Amino acid sequence: MTSHSEAARFGWLKPDVLSIAAGALLAAVAPLERFDYVARGLTASALADDAPSAQVLLVTASPEALRDGLCERSLPGLLERGRARGALLVPPADAFCGGGAADGVRAPATAAAPAVRLPPGLLRLSAGEVVGFFALTSEARAAELGALGVSAAPWVLKKAPQSVPAVSLRDLADGQVPANALAGRVAVVAVGSGGVPPQAVATSALPPAKGVAAVLGGLLDGGRRAAAPAWAPALFVLLAGGFVWLARRRYGSLVATTALFLATFALAAGQSALAARVEASLLPLPSTLFGLGIAFAGVMILRGLGVQRAVDRAAELIQRAALFRMQGVHTLRDEEFWPRVARLAEQAHPADLVLVAELPAGSWHLRFWNDRRDGESLVAERRHDVRRPPYSSEQGVPAIRLARRFLTKQDMPAVVVPLIAFGEIEGYVFFCGPVAEQTFSREPERAENVGRELALLLRRKRLARTAEAGADEARAGHTPTDDLVEGARVALDDLQLFGSMLRNAPVGLLYADAFGDVRFVAPEFAKWLRARDVTVPLEGASAALPPGSLTLGDVLGATSASGAAVSLSSVMSSDEGIELSVTAPEPAVLSVRPLRRESDGSSWIAGYVAALIPVKQPAPVSGNVRPLAARDATDPLCAFQLGDVVADAVASAARATGRAVRLEPIRGATHALGHRGELAQVLEAFLTDVASRGLPGHGPVVSVREAPQGVQLSILDVGFGLGLPESALQRVLTAPGSAPAGLEPLGRLILAVEDSHGQAELKTNDGWGITLTVTLLRAHPRVGAAVHEGGKPAAQQNVIAIGRASPK
């Protein structure tokens with residue numbers, strides 16, 4: 001009872017309510033401080049006052065006037081005569097407008113209006129614009145800045161740049177502008193361009209002078225602004241979140257989304273209205289919007305999470321069923337269906353080129369499809385009328401025939417095969433090229449069989465499309481429930497396909513559900529069970545057995561005759577399953593294993609699968625068959641660098657014969673797979689024999705390179721090949737173990753190459769000798785290193801050092 005009352009007491013703590021509270025807390029904390037600062041500056045700049053400023057006057061001086069000392073001579077007098085409030089010198093003008101003021105020293109006590117240099121750290125910038133002033137309590141000029149009205153103000157509703165009056169210092173000094181224009185104003189003195197008309201004086205000032213004058217004018221007119229208290233954005237998020245929650249609960253998601261946009265608009269409008277009238281009114285807009293987004297996400301997503309989860313699960317099942325539906329011919333788009341038909345025809349009948357053509361309903365003209373670009377342009381006959389040759393005979397009867405001038409390539413024949421199903425032409429397939437002609441002349445029935453099966457495939461596609469179109473018209477306003485029903489229908493089709501697969505499996509298969517009831521059994525398995533006196537019920541239309549008609553225990557009990565019966569518990573306890581040897585009626589292996597599924601850290605058995613695999617008896621060994629001798633274990637098949645082996649063999653052959661054996665530069669890493677010891681021995685013997693028998697000055701030339709087929713070793717020998725008959729070469733290649741006299745080293749080399757899974761090729765060069773090309777498998781050696789006791793890595797057999805060795 002207590003737990004029930006506590007649940008009722010805290011029942012309002014729902015995910016959507018908690019998300020609104022979390023959004024309000026985030027808005028109060030304002031985690032997006034940098035973006036909030038920029039947003040406050042943009043808000044203050046957007047609310048700039050267009051009324052002319054009566055507190056600030058922008059005075060510009062050209063660089064020439066500053067260098068002539070005009071500012072230093074005339075500015076103090078102008079400020080005194082004009083009864084100005086003071087002057088704020090913006091760098092670099094401060095260096096030319098009075099040494100004392102420029103250096104930051106107090107102006108003389110007799111000076112009526114102070115001229116104060118603008119400190120570098122005074123300005124607050126946001127998005128490249130001046131938005132306010134920092135506090136300078138430790139500065140010696142704080143008093144003078146205070147006299148000018150400059151005080152700490154984070155953000156200011158500044159004056160618009162065009163609303164700040166501006167004059168030229170030259171005009172003031174020459175009397176063209178009366179000095180009383182400075183009366184009661186703060187003169188912001190800055191560098192500007194000379195020789196500009198009076199109306200362009202304000203725009204000629206260099207930055208940041210215009211921004212300083214605009215911000216100072218707004219500050220003196222009461223435009224000081226500060227951040228709003230933390231409770232203001234939190235309260236707004238609570239109210240807006242509750243508004244969205246109520247709209248979602250009463251009217252649905254669409255109205256709730258509209259409420260969110262209204263709340264966002266109210267936030268922007270309220271910020272503008274408050275900032276124009278209240279000092280502490282600048283809200284952290286990005287943080288507030290972020291908190292509002294958290295509240296909206298909780299209201300829209302968390303509240304409908306259960307329903308959405310069910311919908312997503314149903315959509316996932318439909319999507320899985322759609323993967324099988326894509327295999328249906330009527331569900332494929334024509335751009336995908338017809339190229340697949342062409343590829344199927346190419347697999348069934350040899351041809352250099354395959355074209356397919358569709359005969360649309362109610363038409364006599366073909367439409368060509370194939371997986372080649374512009375395949376129709378290869379056809380010379382442009383009318384594509386099936387009532388005329390070569391699509392039909394002279395009498396208008398469609399039949400398989402060989403056409404000679406069907407393609408633009410006049411020398412390429414084409415076998416024209418009409419696709420006829422139940423007396424109706426569905427399309428045509430064209431097998432082009434000499435290969436197709438030879439196959440057709442040798443096996444004419446092959447084209448007929450392919451054409452019949454393709455015609456049935458096309459007819460099935462057309463009829464299914466027609467039926468599907470009628471069903472769509474009948475249910476024009478279908479709902480998501482209809483999609484679920486369609487998905488269930490497809491799942492049933494897949495179940496029937498699964499049953500057909502079991503019935504036609506080449507081995508015996510069986511499936512049992514989680515209760516141990518056999519639901520599917522293949523004919524081979526059923527035959528084995530009946531041979532052991534187990535009653536197997538007849539399968540239904542979907543190949544599924546009714547529950548309880550046959551159990552997995554009955555199947556396991558059928559092995560008792562062989563003395564190897566097991567219980568179902570032994571299968572349950574083994575993830576890998578069990579395997580039983582049975583002898584009657586034929587030797588086989590019965591494999592049974594559970595199908596497990598895992599979720600939330602636990603696993604359970606979702607079913608069982610069994611296979612009956614026949615065991616073939618080994619054929620007796622004939623008396624005239626000699627087993628292969630085992631290779632010496634000291635020379636295993638390994639990865640090695642062929643270039644090193646060849647280099648050593650070339651050097652040994654040159655030393656043994658005293659004749660030059662040339663080695664071309666080795667190209668590539670030449671990592672090969674083979675028996676290194678045997679190859680090195682027979683290669684050295686072969687090169688020694690070739691070099692000793694060759695003509696003086698015409699020694700063999702050896703090269704090693706990487707090729708697409710593998711690692712190739714080529715040996716060109718001119719002297720050894722003179723007068724060598726073609727029959728001798730052929731005999732060495734055919735029977736290297738019985739090579740003619742004098743060619744035994746070559747035969748042993750070929751045998752060693754073949755033992756290493758490589759191949760050898762001999763080529764005569766029209767009296768210029770022979771070329772022996774050896775191709776070995778390319779290897780990719782693993783990189784590994786052992787460590788000696790001294791800490792240095794030790795070389796291993798499968799490690800190849802790259803680069804020069806460091807000096808010891």
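Okay, let's start at one spot: L510 stands opposite V521 in β17. This is a predicted model, where local features need pLDDT of at least 70 and side-chain atom pairs count only at pLDDT 80 or more, while totals for chains, interfaces and linings use all residues. Residues are numbered from 1 along each chain as its sequence is written, and side-chain values use heavy atoms, with hydrogens and water left out.

Strand β16 (residues 508-513) and strand β17 (residues 518-521) run antiparallel, joined by 3 bridges. Strands here are DSSP runs of E, at least two residues, and helices are runs of H or I, at least four, numbered from the N terminus. Two strands pair if DSSP finds at least two bridges between them. The hairpin has 4 residues between the strands, and G516 takes a positive phi near 80 degrees.

Next, how many disulfides turn up in the whole structure? The search finds 1, a disulfide being a pair of cysteine sulfur atoms within 2.5 Å. C71 is joined to C97, with S to S at 1.8 Å. C71 sits in helix α5 (residues 70-81) and C97 in the loop between β2 (86-89) and α6 (99-102), so the link ties together parts that are 26 residues apart in sequence. The link of C71 and C97 is right-handed, with 115 degrees about the S-S bond.

Are these cysteines buried or exposed? Buried means under 20% relative accessible area, exposed over 50%, and partly exposed in between, using a 1.4 Å probe and protein chains only. C71 is buried at 0%, and C97 is buried at 5%. As for other cysteines, C432 is buried at 0%, whereas C638 is partly exposed at 27%.

Now for charges. Side chains of opposite charge can pair when their charged atoms come close. We call it a salt bridge when a side-chain nitrogen of Lys or Arg is within 4 Å of a carboxyl oxygen of Asp or Glu, and the count comes to 12.

One of them joins R404 and E437 at 2.5 Å, N to O. R404 lies in the loop between β13 (401-403) and β14 (414-421), and E437 in helix α16 (residues 434-442), so this pair ties together parts 33 residues apart in sequence.

Another links E706 and R778, whose closest N and O atoms are 2.9 Å apart. E706 is in strand β24 (residues 701-707) and R778 in strand β27 (residues 770-778), 72 residues apart.

Last one: E424, E426, R459 and R462 are linked in a network of salt bridges.
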